[in-house]
Amino acid sequence: MLSEEEQREQERKERQEQRKRERLQKQIEKRRKLEERERKSVKRASVFELGMMIFVSNKIREVLEKSTEENAKFNEILAKSLVELRKFTKKESKSLKKDVIKESKKDFEENKQGTLDLIKEASGKPIKKKLKMDLQNDTSKRWKKYIKSNANTYAIGKDKLPVFFTKVVQEEVKKVVEGSTTIDDSCRKAISKLANSGVKIVEYDTGVKRNVDVWVRQQMQYAEKESSQEINNKCAKDMGVTVFEFDAHANARPSHKKWQGKRYDTKGKLYPSLYQLTHGEEKDYGCRHFAQPVWDIDMPYAYTKEQLKNIDTKPFTFQGKKYEGYEARQYQRELERNIRALKREVILLDNQGLGSTEAKIKLKHANATYKAFSSEMGDRVHNDRLRIG
């Protein structure tokens with residue numbers, strides 16, 4: 001028979017466990033909603049990208065067929081197709097921008113409230129001050145910066161879309177006119193180039209390019225992370241908290257592994273400052289690390305040294321080559337890009353009425369390789385990364 005004090009202690013522990021379960025459930029539900037909106041936005045981007053590629057492949061066939069009949073008017077035919085290409089891209093990119101900004105605004109609103117609730121629970125203090133931040137406006141500015149309303153925004157390989165289109169058509173028309181290849185074979189080669197390159201957007205001055213669907217996914221994740229971090233930083237500042245702790249994840253970039261799971265102090269007193277710890281690397285493209293305020297500096301770290309040491313994928317051998325950690329994750333992403341490219345090629349070939357048997361065989365083999373590699377890596381198959389719309 002438990003004493004009254006022991007019963008109270010047991011009840012207190014049960015209430016604590018219940019609150020933990022409720023917080024976890026809220027976090028899971030919040031993440032699920034955010035992922036659902038992200039999937040919708042990525043789906044729109046995938047459909048947009050595929051629509052662009054089908055439009056271009058149709059134009060390639062159209063120009064090839066007309067130019068062989070009226071070769072003297074080739075430049076006129078090509079110029080007309082380029083004008084149509086720019087108009088189509090402008091219209092579709094505006095629609096994509098509008099849809100994704102709308103989804104991002106929803107993310108910000110829900111993420112803001114969810115973050116405030118978590119901070120209140122963690123700190124045990126009510127947030128008295130009203131947060132003054134225009135996250136929606138910031139989202140719109142971000143998208144306006146990256147999505148311009150003209151065809152020249154998009155690049156394929158090293159060339160912008162109209163330049164790529166012109167080069168491919170000119171090369172294939174010459175072969176068709178010379179009689180060295182048929183129109184169908186030329187279309188097949190052009191479609192292969194188109195599918196393997198994908199429609200890409202130039203994001204930064206460094207020249208980094210991303211396929212539209214990948215770019216949207218990363219931008220949505222970045223926007224969600226940045227909004228949470230901004231709210232956390234502001235609330236921590238209002239409450240006089242200066243210490244933050246980074247989370248950690250498996251197979252992080254080698255340069256990021258040095259500081260994940262560690263703490264920094266905005267005043268640089270109790271711990272190194274943010275810049276002293278990361279040298280600005282937390283702003284690297286695609287970084288998923290997030291810093292939580294430490295409301296009580298006597299609290300233990302979220303990750304022990306032993307956990308951080310063993311957080312990465314264990315070394316394994318696949319098809320005669322050894323992989324581990326970050327390298328394994330990068331190769332997994334490469335396999336995913338290859339599968340998406342082959343899926344695009346199959347769709348484009350079928351759309352043009354050309355044989356896609358060889359591409360389908362390659363796709364089947366690529367899927368099998370990806371599943372086998374993911375299994376050896378100890379990771380799941382990321383079906384959301386294999387979709388193309």
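**A helix crossing and a buried aspartate**

Helices here are DSSP runs of H or I with at least four residues, strands are E runs with at least two, and both are numbered from the N terminus. This is a predicted model, in which local features need pLDDT of at least 70 and side-chain atom pairs count only at pLDDT 80 or more, while totals for chains, interfaces and linings use all residues. Residues are numbered from 1 along each chain as its sequence is written, and side-chain values use heavy atoms, leaving out hydrogens and water.

**The whole protein**
- The protein has 11 helices and nine strands.
- Of its 389 residues, 43% count as buried (under 20% relative accessible area, 1.4 Å probe, protein chains only).

**The helix pair**
- The axes of H5 (residues 183-197) and H10 (residues 325-351) come within 8 Å and cross at roughly 145 degrees (lines fitted to C-alpha atoms over the stretch in contact, with angles from 0 to 180 degrees between N-to-C directions).
- Residues of H5 including Arg188 and Ile191 meet residues of H10, among them Ala341 and Glu345 (contact means heavy atoms within 4.5 Å).

**Asp265**
- Asp265 sits in strand E6, residues 263-265.
- Asp265 is buried yet has no salt bridge (a side-chain nitrogen of Lys or Arg within 4 Å of a carboxyl oxygen of Asp or Glu).
- The nearest side chain of opposite charge, Lys267, is 7.2 Å away from Asp265 (Lys and Arg count as positive, Asp and Glu as negative; His and the chain ends are not counted).
- Leaving aside neighbours within four places in sequence, Asp265 is in contact with residues including Thr242, Tyr271 and Leu274.

Note on methods
Buried < 20%, exposed > 50% of the residue type's maximum accessible area, 1.4 Å probe, protein only.
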